[in-house]
Amino acid sequence: MTAATIHREWRRYTPRERLGRFALYFGVVFACVLSLRTVEIIPEFLYDAPEQMADLLKRMWPIEWSYYPKGVHDALLETLHIATLGTMLAILMALPIGVLAANNITPNAALNYFAKFLLVASRSVNSLVWALLFVAIFGPGALAGTMAIAFRSIGFVGKLFGEALEEARPGPIEALKAAGAPWPSIIVKGYWPQVEPAFWAIALFRWDISVRESAVLGLVGAGGIGMAIDTAMNLFQWERVALMMFAIFAVVIVAEIVVTAIRKKII
């Protein structure tokens with residue numbers, strides 16, 4: 001070893017990478033601090049939160065099971081109807097938009113970007129906001145909830161269906177085109193067999209989500225069990241609120257089991 005030997009020290013990150021990591025961590029901490037200041041948390045409310053929660057749970061017990069036939073059953077069925085019909089309407093509207101959003105099917109850039117704009121617009125608006133809009137148009141009730149679920153679901157179904165079309169293998173499509181098959185035959189025989197499993201998975205998953213969302217739309221007047229919960233909370237009937245929350249939980253669990261069973265049968 002001579003004095004001219006260069007001493008090398010191994011480091012995991014380069015100076016630029018260390019600077020980037022520091023900037024990222026600093027940005028996260030700064031965002032958290034800024035968010036906490038913006039939220040304006042009141043310490044006094046945090047101190048007695050456990051006591052308030054215990055008092056609320058005490059008011060919810062015992063659950064008023066006898067109220068189910070009179071005030072919960074019909075509202076719960078309406079919630080399921082809103083979720084089911086809204087999902088079906090969303091699928092009918094989303095499929096053509098998803099086809100237009102697929103780059104390999106719609107080469108026209110204007111149509112492609114317009115379809116993607118519709119999908120983004122649908123996803124960017126929360127279901128409660130859609131519900132408020134349709135309550136203002138149609139008035140309170142199940143129709144507003146159904147339309148809110150439908151328009152909120154278009155972006156979800158259309159985006160995933162369009163991506164499934166883009167991932168379709170080009171071999172069968174090229175063979176059908178070479179054989180002179182018309183465009184409808186290419187869609188039915190070339191694309192559909194490849195995207196059918198994805199379609200059913202998307203439809204079932206969206207219905208599962210819609211059941212959860214439709215349970216709260218009633219809080220803004222869009223029908224379903226949410227309206228019954230809002231009424232019971234306003235009247236401080238916490239035993240009934242507990243019953244409705246339990247009913248929603250049971251329906252969500254059953255819906256999850258049903259969706260899983262159907263997926264195993266179809267996919």
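Trp-130, Phe-134, Phe-138 and Phe-151 are joined into a cluster by ring pairs. The model is predicted. A search of the whole structure finds four salt bridges, and the count of aromatic pairs comes to ten.

**Aromatic pairs**

- A pair of aromatic rings is described by two things, the distance of the centres and the angle of the planes.
- Ten aromatic pairs are counted.
- In one of them, the ring centres of Phe-26 and Phe-30 are 6.3 Å apart and the planes meet at 15°, so this pair is stacked. The angle is under the 30 degrees that sets the limit for stacking.
- Phe-26 and Phe-30 both belong to helix H1, which covers residues 15–39. They are four residues apart there, a separation of about one helical turn.
- Phe-26 is exposed, its relative accessible area being 53%. Phe-30 has 48% relative accessibility and counts as partly exposed.
- Trp-130 and Phe-151 make up another aromatic pair, with 5.5 Å from centre to centre. Their planes are 40° apart, and the pair is tilted.
- This pair links distant parts of the chain, as Trp-130 and Phe-151 are 21 residues apart. Trp-130 is in helix H6 (residues 127–138) and Phe-151 in helix H7 (residues 142–166).
- Trp-130 is buried, with 14% relative accessible area. Phe-151, at 26%, counts as partly exposed.
- Trp-130 and Phe-151 are both members of the cluster that also includes Phe-134 and Phe-138.

**A charge over a ring**

- Phe-156 has the charged end of Arg-206 over its ring, at 5.1 Å from the ring centre.
- Arg-206 is buried, with a relative accessible area of 2%.
- Arg-206 also takes part in a salt bridge, with Glu-213 as its partner.

**Salt bridges**

- The salt bridges found in the whole structure number four.
- Arg-206 and Glu-213 form one of them, and their closest N and O atoms are 3.1 Å apart. Glu-213 counts as buried at 15% relative accessibility, and Arg-206 is buried as well, at 2%.
- Lys-159 and Glu-163 form another, with 2.9 Å between the closest N and O atoms. Both residues lie in helix H7, where they are four residues apart, about one turn of the helix.
- Glu-163 is partly exposed, at 31% relative accessible area. Lys-159 is also partly exposed, at 35%.
- A further salt bridge joins the side chains of Arg-212 and Glu-256, at 3.5 Å from N to O. Arg-212 is in helix H9 and Glu-256 in helix H11 (residues 238–266), so this pair ties together parts of the chain that are 44 residues apart in sequence.
- Arg-212 counts as partly exposed, with a relative accessibility of 35%. Glu-256 is likewise partly exposed, at 35%.
- Arg-212 and Glu-256 are part of a network of salt bridges, in which Asp-208 is linked to them.

**Ile-186**

- Ile-186 is located in helix H9, which covers residues 183–217.
- Apart from neighbours within four places in sequence, the residues in contact with Ile-186 are Ile-173, Leu-176, Lys-177, Ala-181 and Tyr-191.
- Thr-146 is 40 residues from Ile-186 along the chain, and the C-alpha atoms of the two are 34 Å apart.

**Ser-210**

- Ser-210 is another residue of helix H9.
- The side chains of Ser-210 and Thr-87 are joined by a polar contact of 3.1 Å.
- If residues up to four places away in sequence are not counted, Ser-210 touches Ala-83, Thr-87, Ile-149 and Ser-153.

Note on methods
Residues are numbered from 1 along each chain as its sequence is written. This is a predicted model: local features need pLDDT of at least 70, side-chain atom pairs count only at pLDDT 80 or more; totals for chains, interfaces and linings use all residues. Side-chain values use heavy atoms; hydrogens and water are left out. Rings of Phe, Tyr and Trp (its six-membered ring) pair if their centres lie within 6.5 Å; planes under 30 degrees apart count as stacked, over 60 as edge-to-face and the rest as tilted. Helices (H or I, at least four residues) and strands (E, at least two) are DSSP runs, numbered from the N terminus. Buried means under 20% relative accessible area, exposed over 50%, partly exposed in between (1.4 Å probe, protein chains only). A charge sits over a ring if NZ of Lys or CZ of Arg is within 6 Å of the ring centre and within 35 degrees of the ring normal. Contact means heavy atoms within 4.5 Å. A polar contact is a pair of N or O atoms within 3.5 Å; within protein, one must be able to donate a hydrogen and the other to accept it, and residues adjacent in sequence count only if both atoms are side-chain atoms.
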